[in-house]
Amino acid sequence: MLRQQVSPVDDPVLFLQLAFSSTFFAGLFQASLGILRLGFIIDFLSKATLIGFMGGAAIIVSLQQLKGLLGITHFTKHMSVVPVLSSVFQHTNEWSWQTIVMGVCFLLFLLSTRHLSMKKPKLFWVSAGAPLLSVIVSTLLVFVFRAERHGISVIGKLPEGLNPPSWNMLQFHGSHLALVAKTGLVTGIVSLTEGIAVGRTFAALKNYHVDGNKEMIAIGLMNVVGSATSCYVTTGAFSRSAVNNNAGAKTAVSNIVMSVTVMVTLLFLMPLFEYTPNVVLGAIIVTAVIGLIDLPAACHIWKIDKFDFLVMLCAFFGVIFLSVQNGLAIAVGLSLFKILMQVTRPKMVIMGNIPGTDIYRDLHHYKEAQRIPGFLVLSIESPVNFANSNYLTERTSRWIEECEEEEAQEKHSSLQFLILEMSAVSGVDTNGVSFFKELKKTTAKKDIELVFVNPLSEVVEKLQRADEQKEFMRPEFLFLTVAEAVASLSLKGPSLSNV
């Protein structure tokens, strides 16, 4: 985003200033979301979304390691699967058999220790110590045999010391302020989404709870502090989190230990990593992320909910073929679409009596349930509001007509009562009130009495305030149960004496 206006080559100082300033704005925005208690946003990351994201990210991160595992020098910077595989097979001349042999050996070693730790949890330390042992052994092998001269890529010389403070480089004025604010906002949203998605992923694996507000504040403060210490926008990295999880870390203390270790390493131990082969680092990451592909969970989602399975596939293929951000966006968009469909198309069923009892259940789910002649019993199982009132009106009108036709064909008494079971109607708005008023007018024209069963107090209060003429909220048409309503109304209706 910054490169659109400033070149890091032509004006590196200004570019750094804008990068640090954008990081500050990103952190400020993220922390503000947490302070304003907007953590509920992460609830839109459903389990199906996380499983798809987790699998897709694991594959993408693993494919990225092919650069080190194959010894490729020229490798794409894109994260989607097509550019990565294209880069791999377009540079087959750069493949190094020495690198491949070393990579396969250490990958098998790491996978074996991981499998051993899973089979025997008491030996968790074997899997935890395997990556460090791999780094030490591979570095010694490269140093002793001078393997870097035989096609094995090494880290090489790294600069020592810590980055200097950068608070004096933050810019809050000038012609680039709008660019800095926009970049901070967009990258802040992206990094926050990815960080929380990673957090929710590992929370699901380890069965603990993630507080969205605390996550937002923590990531935001991290970026605010980072902007003053020569850091750009960052978040909870998927690959490093996977390595940390694979090592057996249980609490955030592992981050403190890791930070201190990195600081000591930067200050004093950098020369020791000059001969560390990149292939071993790739093998460590592949081992860590490969266990995050949860095929049993995917099969379980397929059996339970096909739409959730579609959401999971969208997250999976979106991450693989597009990007992490686009994959998450598509999956969240489909989840929101599902919610909107449930809101605008609420469940409404016809109820019938189970013979010999006072129980009324859905006619389509209970074959033994029977409809009572002269009565149409409907159960509304959602709030009634502007999003679904028209749908409920059409559905109710159609059922009334079908019921009247059925009564006429079977030569029963005509339909006299429409009973609405409303125990699941948690609320109504202005459109909901209008729905009940219009329904009362429709039934009155057909000489059908509208009856309410077990409406909640909030719903009753709103309907009473709207019923100025006392037309439909009369006590004689309010009941606690459907059985009570049918029994009472059967006595009132002369033509229903045979019921």
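**Burial, overall form and a helix crossing**

User: What share of the 499 residues of the protein counts as buried?
Analyst: In this predicted model, 45% of the 499 residues count as buried.

User: And how many helices and strands does the protein have?
Analyst: There are 18 helices and six strands. The radius of gyration is 32 Å, well over the 23 Å that the globule rule gives for 499 residues, so the protein is more spread out than a compact globule.

User: What does the C-alpha trace span along its principal axes?
Analyst: The span is about 105 × 55 × 40 Å.

User: Which domains does the assignment give?
Analyst: Domain 1 covers 1-341 and domain 2 covers 346-491, according to the domain assignment. Taken over C-alpha atoms, the centres of domain 1 and domain 2 are separated by 55 Å.

User: Turning to contacts, how much comes from residues 24 or more positions apart?
Analyst: Such residues account for 75% of the contacts with a separation of 6 or more.

User: Now the helices. At what angle do the axes of helix 7 and helix 14 cross?
Analyst: The axes of helix 7 (residues 177-206) and helix 14 (residues 324-344) cross at roughly 75° and come within 10 Å. Helix 7 is therefore roughly perpendicular to helix 14.

User: Which residues meet there?
Analyst: From helix 7, Val 190, Thr 193, Glu 194 and Ala 197 meet Val 324, Gln 325 and Leu 328 of helix 14.

User: And what is that contact by class?
Analyst: The contact of helix 7 with helix 14 comprises four nonpolar, two polar and one charged residues.

Methods. Residues numbered from 1 in each chain as written. Predicted model: local features only at pLDDT ≥ 70, side-chain atom pairs only at ≥ 80, totals over all residues. Heavy atoms only, no water. Axes fitted to C-alpha atoms, helices over the stretch in contact; angles between N-to-C directions. Helix = DSSP H or I, 4+ residues; strand = E, 2+ residues; numbered from the N terminus. Parallel < 35°, antiparallel > 145°, perpendicular 65-115°, else oblique. Contact = heavy atoms within 4.5 Å. Nonpolar A, V, L, I, M, F, W, Y, C, P; charged D, E, K, R; others polar. Domains from an automatic or database assignment. Rg over C-alpha atoms; globule rule 2.2 N^0.38 Å. Buried < 20%, exposed > 50% of the residue type's maximum accessible area, 1.4 Å probe, protein only.
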